[in-house]
Amino acid sequence: MSAAGAGPADAALALPRNTLLFKLFDGVLRYSPLLVLVAVWEGLGLSGFVSRQMLPDLGTILSEFWRMLTGGDLLYNTARSLSRSFSGLALAIVVGLAAGLAMATARPARLLINPVVQIFYPMPKSALIPVVMIWLGLGDASKVLLIFLGCLLPVVVGAYNGARGVNPFLVWSARSLGAGRFEVLREVIVPAAMPEILNGCRTALAFSFILMVSSEFLIASDGVGYMISSLGDGGIYPAMFAVIFFVAAIGFAADRVYSVIMRRQLRWREA
Amino acid sequence: MSGSAQNTAVPVGAEAKPASPRSRLGARRPGAFLDLGVQVGVVLALCVAWEAGARLGAINPFLLPPLTDVLARIGEDAMSGAVFVDLGLTLYRALFGFLIAAVIGIPVGILMSRSRIVRWFFDPLLSIGFPMPKVAFLPIFILWFDIYDTSKVIMVAFSCFFPIAAATYAGTTGLDKWPIWSARSFGAKEVEILWEVNLPMALPQILTGLQVALPVGMITTVVTEMLMGGRGIGGSMIMAGRFADSVGVFAGIVEIVALGFLVVKSLELVRARLLAWHPETRR
């Protein structure tokens with residue numbers, strides 16, 4: 001998963017690195033391919049090859065976006081969606097960390113939990129949508145449960161792999177210096193396992209967005225996914241495109257914020 | 001073999017890291033069979049608890065119908081062939097999309113590491129596309145390609161493309177220079193170096209990318225089927241859910257668990273096979 005963000009920094013420029021001008025120029029240069037895509041989009045639309053219905057012009061999309069943003073519609077639904085996605089994710093991280101660390105440190109826990117993980121890990125979690133629908137109906141609870149279940153295993157696995165890979169000498173030294181089991185866990189195992197734990201949580205973050213959007217497509221009466229599908233059903237395509245791009249942007253931004261936090265958390269390792 | 005059962009548990013997070021000096025979880029050889037036995041026992045116990053709980057009224061049988069009812073339903077559907085149609089359709093959509101993504105994504109990743117222009121173009125697209133929730137684009141694909149298999153397969157390919165291309169790019173950049181130089185000094189041509197040196201060295205990462213992408217493809221397939229219908233396991237499950245047919249829903253769950261397990265394990269076998277020469281396999 002770590003293959004994700006952080007492409008190679010553009011070292012092509014001869015400007016000093018931290019000036020504002022450099023950053024601005026770097027950003028524009030880096031994301032200039034998006035402009036190419038925009039041009040292709042507009043060109044296809046103008047050429048008349050593709051109907052404007054299918055490829056609305058970006059001006060209309062932007063104005064629709066602005067209308068929904070200022071109307072409060074978009075913000076309300078975004079807040080609803082994010083609250084679901086983050087409560088499910090937070091639950092998954094708490095429970096998953098506990099389960100993963102228990103698995104790595106206690107044999108009975110491993111024997112109990114590992115078979116469940118092995119069986120359910122490969123299952124596409126979106127298949128649980130009808131199950132949570134039957135269990136908890138169409139309200140918030142069903143989606144939170146879905147996101148919780150979907151995000152749980154990546155966290156468990158990250159914590160387990162991380163904690164399992166801790167150099168045993170570190171653990172032995174801590175123990176021989178008189179640390180208790182819990183202290184060893186807190187002071188040695190968790191910090192050493194942090195990179196994998198954080199990677200697991202990053203996967204979980206991506207899953208939480210996927211599951212949030214897809215469950216809202218299917219069972220919801222608000223939230224961004226619901227907005228997208230109802231706008232699409234109503235044939236209001238420019239607005240639909242606007243919300244879709246907005247959701248993609250939120251997912252991207254969440255991952256960016258997360259990776260900044262992650263790098264801060266792991267800064268002590270670099271030194 | 002069974003000793004490594006826990007290690008193969010999960011491929012995704014496992015960034016090929018050097019084997020730690022003897023894991024402290026004990027039980028290398030002698031306890032391995034015992035471990036396996038206990039774990040199988042846990043699964044069986046869960047099945048029994050499921051069945052007994054539903055039969056004895058501890059669990060509302062609508063919320064969790066007895067396992068035997070679910071299995072009977074699967075048996076019935078297997079007789080009529082419905083299970084195989086659903087499994088086949090889901091598998092076909094997931095694998096076809098995955099294959100398209102691999103056929104496009106791997107060359108893109110390789111080209112990115114070799115050509116500045118390709119890198120300039122795709123690097124920002126990957127860094128934006130990788131983390132964004134691709135399912136959100138589903139209505140666009142429905143709008144463009146209608147609701148039949150085309151849009152499902154394209155959607156799956158779209159969501160698998162990013163992890164594959166990103167992993168291939170990461171794998172083919174920053175390779176150790178020495179093997180490349182020595183191959184060159186032996187007179188290998190650039191194409192030969194690509195096939196004989198670069199790709200084998202990048203293969204573990206490329207395979208990791210494929211192993212990330214395949215489950216994503218399965219998730220996406222199921223969602224597309226739920227949203228657009230057209231049979232497949234997702235389609236049948238959402239139909240069962242809408243008709244409050246909980247036995248049908250859980251039959252779907254059991255089928256998809258089996259399918260997911262099969263597909264993911266097969267890819268692990270492919271990995272072990274392709275990397276038979278690699279230190280990661282011999283441990």
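The largest nonpolar core has 131 residues, and A:Val155, A:Val243, A:Ile244 and B:Ile164 have the most contacts inside it. H8(A) gives the most to this core, with 17 residues. Such a core is a set of buried Ala, Val, Leu, Ile, Met, Phe, Trp, Tyr and Cys residues joined through C-beta atoms within 7 Å. This is a predicted model: local features need pLDDT of at least 70, side-chain atom pairs count only at pLDDT 80 or more, and totals for chains, interfaces and linings use all residues. Residues are numbered from 1 along each chain as its sequence is written, while chains are lettered from A and ligands numbered from 1 in the order in which they are written.

**Where the chains meet**

- Chain A brings 63 residues into contact with 67 residues of chain B (contact: C-beta atoms, placed from the backbone, within 7 Å).
- By class, the side of chain A that touches chain B has 40 nonpolar, 16 polar and 7 charged residues (nonpolar: Ala, Val, Leu, Ile, Met, Phe, Trp, Tyr, Cys and Pro; charged: Asp, Glu, Lys and Arg; polar: the others, Gly among them).
- Leaving out residues up to four places away in sequence, A:Ile244 touches A:Ile228, B:Ala136, B:Phe137, B:Pro139 and B:Ile140.

**Positive phi in chain B**

- B:Arg231 is not a glycine, yet has a positive phi of about 55 degrees.
- With 15 C-beta neighbours inside 10 Å, B:Arg231 counts as partly exposed (buried: 20 or more other C-beta atoms, placed from the backbone, within 10 Å; exposed: 12 or fewer; partly exposed: in between).
- B:Ala244 also has a positive phi, near 55 degrees, and counts as exposed with 11 C-beta neighbours inside 10 Å.

Definitions and conventions:
Contact = placed C-beta atoms within 7 Å. Helix = DSSP H or I, 4+ residues; strand = E, 2+ residues; numbered from the N terminus.
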